[in-house]
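Take a walk through this predicted model.

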Amino acid sequence: MLEIKNLHASIDDTKILKGLNLSVSAGEVHAIMGPNGSGKSTLASVIAGREDYDVTDGEINFGGSELSDLGPDERAREGIFLAFQYPVEIPGVSTTNFMKTAVNQVREANGEKPLDAVQFLKLMKEKMKLVNIKQELLSRSINEGFSGGEKKRNEIFQMAMLEPKLAILDETDSGLDIDALKIVSNGVNALKSNENATVVVTHYQRLLDYIVPDFVHVLMDGKIVKSGDKNLALELEEKGYDWIKVKN
Amino acid sequence: MIDASELKDSVENENDLVTKEIKTKSLKNIAPSFKNYREEYKYTPFIRRIEKKFSSFNPSSDIKNHEEYRELIPDSEKYYIVIVNGSFLKQISSLPVEIEINNYKGLTKENREIFNSTYSKTDDSNFDIFSTINSIQHQNCLTFRINKSTVLDGKISIYNIVDSKNPVYFRKCFHIGKNSKVSFSEKFIYTSHESYFSNSVTEIFMDENSNLNYFTDQNINKNYHYNSINVFQKKDSISNFHTYSFSGAIIRNNLNIKLTEKNCYANMYGFYAIKNSSHIDNHTSVDHIDESSISNEHYKGIVDKDSNGVFNGKIYVRQKAQKTNAFQANNNILLSDSAKVNTKPQLEIWADDVKCSHGCTVGQLDEDALFYLMSRGISRKDATSLLLSAFSTDITDKIEDEDIRENYELMILRELEELNHE
Ligand SMILES: Nc1ncnc2c1ncn2[C@@H]1O[C@H](COP(=O)(O)OP(=O)(O)OP(=O)(O)O)[C@@H](O)[C@H]1O
Ligand SMILES: [Mg+2]
């Protein structure tokens with residue numbers, strides 16, 4: 001489903017990704033771990049199509065086609081979703097209004113009829129239940145004045161609304177209390193299927209007790225330096241990243 | 001451009017004695033008001049630009065068949081006042097019975113009394129050269145009398161129609177009685193897409209505990225427009241001004257409010273979305289003369305390529321005006337490198353027990369917000385529209401009347417749609 005080969009990306013002439021390879025197939029859950037500043041969020045942004053980054057070498061294939069010419073909106077319509085590490089606050093635009101536009105533009109791109117007000121409301125109610133988010137929050141300006149946990153929940157709510165093929169969750173677990181962590185994980189698990197895949201970026205092994213990964217990768221200095229199964233995460237928690245450095 | 005003999009002739013030819021007195025006084029104000037031009041029009045080269053277009057500043061009084069003008073009024077309007085090239089066309093206006101609208105020259109002596117303390121007494125014609133010229137060149141002042149305790153629901157629309165290649169002068173005087181509440185919505189409609197010029201001066205007297213909503217919208221393509229609104233508020237009165245500007249070769253708005261007694265409240269809101277090489281200049285001043293009044297000003301604008309926005313907000317707090325609250329903000333989004341904004345607050349405070357704040361911002365569209373919206377599948381164009389219209393909502397949200405608010409929200413949406421042509 002996602003095939004990244006020898007990806008090099010930089011911003012303002014600073015090289016951040018330095019030959020990264022990653023392959024994700026439908027039905028899989030991948031976890032990416034790595035020290036602060038190693039390039040995890042950069043990778044997520046580059047996949048989502050953020051234009052501030054220059055991809056200087058390598059390629060990203062998604063569902064068989066090259067992504068480099070597609071804007072972030074087109075990638076989203078192809079089924080890529082990024083849950084932001086730091087969701088943006090947007091005064092004056094309500095989540096409800098924004099999601100209605102988004103859902104219908106994605107549907108239109110896929111040759112489906114737009115939802116009318118009633119159908120949209122029904123879908124929203126269903127997904128709100130999934131992540132236990134209140135209507136009141138969604139009628140407010142996007143993320144404005146939301147607590148850290150509410151912002152993360154809003155990201156998963158949006159993911160549930162859009163039902164992406166590939167979801168990238170960038171530290172969605174940070175700032176969540178244990179109950180919220182369970183709610184968010186249940187949401188992610190409920191949406192899991194053989195047709196879609198999930199990439200979770202995290203610093204904490206505890207998330208992986210809830211969202212069990214098929215593969216764990218370690219990203220350091222712009223490259224994936226080690227991959228393994230879920231036990232790699234346990235090992236990392238115990239020994240730290242120095243362990244890998246030493247081994248290399 | 002300022003041909004003294006032409007102006008003198010206008011004064012000479014005036015038949016009405018009171019009006020002639022006003023014009024004579026104004027003629028003497030030409031020199032002092034012209035002195036302020038350089039400073040007050042630093043970023044708006046008004047005279048230089050219109051000099052090339054007009055050889056004379058004499059007004060036009062040509063008026064075509066009235067039916068042609070009636071067609072410019074939408075069916076949805078209930079009450080409307082039609083003024084063409086400065087002349088009030090009562091025959092094709094639709095007036096509410098509660099208010100009296102008449103030409104000053106047609107008023108009886110007693111009725112004139114009501115307006116004599118306002119008419120050409122509270123305007124800025126000793127300060128702004130265009131108001132001075134208006135005082136000399138206007139033909140007839142249209143007077144609006146709202147008797148005390150008159151409360152009108154809905155709005156009265158004023159259609160100022162400019163249908164002449166000569167300069168057109170509009171002149172109005174409002175007297176809003178004690179405990180009254182009214183809303184006016186003023187439009188400037190040009191029959192040509194370019195090079196016409198109109199100059200409008202309005203004086204508004206608000207008696208005790210009166211309440212006024214005053215809307216102005218300006219979308220005049222490549223025409224020129226000068227608009228000066230001067231307000232004189234008595235105690236406990238509340239004014240709400242809304243100014244929406246979209247296009248114009250040059251538009252200059254002066255909004256001057258004097259809070260002359262205690263417990264006045266003045267709200268000044270503005271929104272501009274400037275496109276097609278337009279130049280829009282908002283100069284406002286609020287003068288706190290007596291204590292415990294509140295002024296609240298917020299102008300926001302979006303400026304597209306090759307266009308210019310100018311904002312200048314003056315706040316005066318006189319020594320007697322203790323316990324004043326004065327707020328001012330101006331926020332701008334530039335959509336292109338060739339868009340320009342000059343924004344300047346100007347505060348002069350002589351009292352010590354005062355709460356005053358001001359802030360100006362000039363920025364671009366928030367790229368992080370744009371990426372966030374696009375990453376959910378929304379096209380760049382629609383994401384931009386969402387952000388731009390969100391930017392306007394804290395201005396339109398201030399409109400109390402739901403119908404009027406919706407009307408302006410739609411107008412802004414349409415304009416943003418055009419602005420966002422990418
Ligand atoms: N605009 C920029 N200019 C220069 N360097 C940048 C810019 N944006 C990010 N970087 C750098 O890129 C590197 C990778 O950042 P990134 O956010 O991808 O790290 P991360 O692995 O997600 O870290 P964390 O675990 O703290 O979230 C960092 O060193 C960061 O300082
Ligand atoms: Mg990160």
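Start with I183(A), which touches L130(A), V131(A), N132(A) and R153(A), leaving aside residues up to four places away in sequence. Contact here means heavy atoms within 4.5 Å. I183(A) sits in helix 7 (residues 178-191) of chain A. Helices (H or I, at least four residues) and strands (E, at least two) are DSSP runs, numbered from the N terminus. Y210(A) is 27 residues from I183(A) in sequence, and their C-alpha atoms are 9.9 Å apart.

This is a predicted model, where local features need pLDDT of at least 70, side-chain atom pairs count only at pLDDT 80 or more, and totals for chains, interfaces and linings use all residues. Residues are numbered from 1 along each chain as its sequence is written, chains are lettered from A and ligands numbered from 1 in the order written, and side-chain values use heavy atoms, without hydrogens and water.

Now look along helix 7 of chain A. Its buried residues include A180(A), I183(A), V184(A) and L191(A). Buried means under 20% relative accessible area, exposed over 50%, partly exposed in between (1.4 Å probe, protein chains only). Among the elements covering them are helix 4 (117-131), helix 6 (148-162) and strand 9 (166-170) of chain A. At the N-terminal end, D177(A) caps the helix: a side-chain oxygen lies 3.1 Å from the backbone nitrogen of D179(A).

S41(A) is in helix 1 (residues 40-48) of chain A, and Q85(A) is in the loop between strand 6 (80-83) and strand 7 (90-94), 44 residues apart. S41(A) is partly exposed at 26% relative accessibility, whereas Q85(A) is buried at 16%.

Definitions and conventions:
A polar contact is a pair of N or O atoms within 3.5 Å; within protein, one must be able to donate a hydrogen and the other to accept it, and residues adjacent in sequence count only if both atoms are side-chain atoms.
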